[in-house]
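User: I would like to go through a structure by question and answer. Please keep it brief.

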Amino acid sequence: MKSVLEFLGFVALVQGVMGLVQELTDWEGGLVARIAFLDDYGLFASVTLLVLACALFAAAESRTSR
């Protein structure tokens, strides 16, 4: 379970960073740019993905390895 949380955290982190880069430089890339209902909220969605990534990494660290 720990590795799944770490993987999801990594994906959320990468997508959040790519979304921020896309919003600040108009570079096309990432999942946030491809979702139609997030057109006007790309910056907020990217920051939310970064916060989600931090939460997923924290949850992965709190899990004990068996």
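User: Is Trp27 buried, exposed or partly exposed, and what is its relative accessible area?

Analyst: First, the ground rules. This is a predicted model: local features need pLDDT of at least 70, side-chain atom pairs count only at pLDDT 80 or more, and totals for chains, interfaces and linings use all residues. Residues are numbered from 1 along each chain as its sequence is written, and side-chain values use heavy atoms, leaving out hydrogens and water. Buried means under 20% relative accessible area, exposed over 50%, partly exposed in between (1.4 Å probe, protein chains only), so Trp27 is partly exposed, at 44%.

User: Where is Trp27 placed?

Analyst: Helices are DSSP runs of H or I, at least four residues, numbered from the N terminus. Trp27 sits in the loop between helix 1 and helix 2 (42-62).

User: Which residues of helix 2 are exposed on the face turned away from its buried side?

Analyst: Start with the buried ones: Gly42, Ala45, Ser46, Ala53, Leu56 and Ala60. The face turned away carries Phe44, Thr48, Val51, Cys54, Glu61 and Ser62.

User: Which helix do the buried residues of helix 2 pack against?

Analyst: These buried residues include Leu56 and Ala60. The buried residues of helix 2 pack against helix 1.

Methods
Helix = DSSP H or I, 4+ residues; strand = E, 2+ residues; numbered from the N terminus. Contact = heavy atoms within 4.5 Å.
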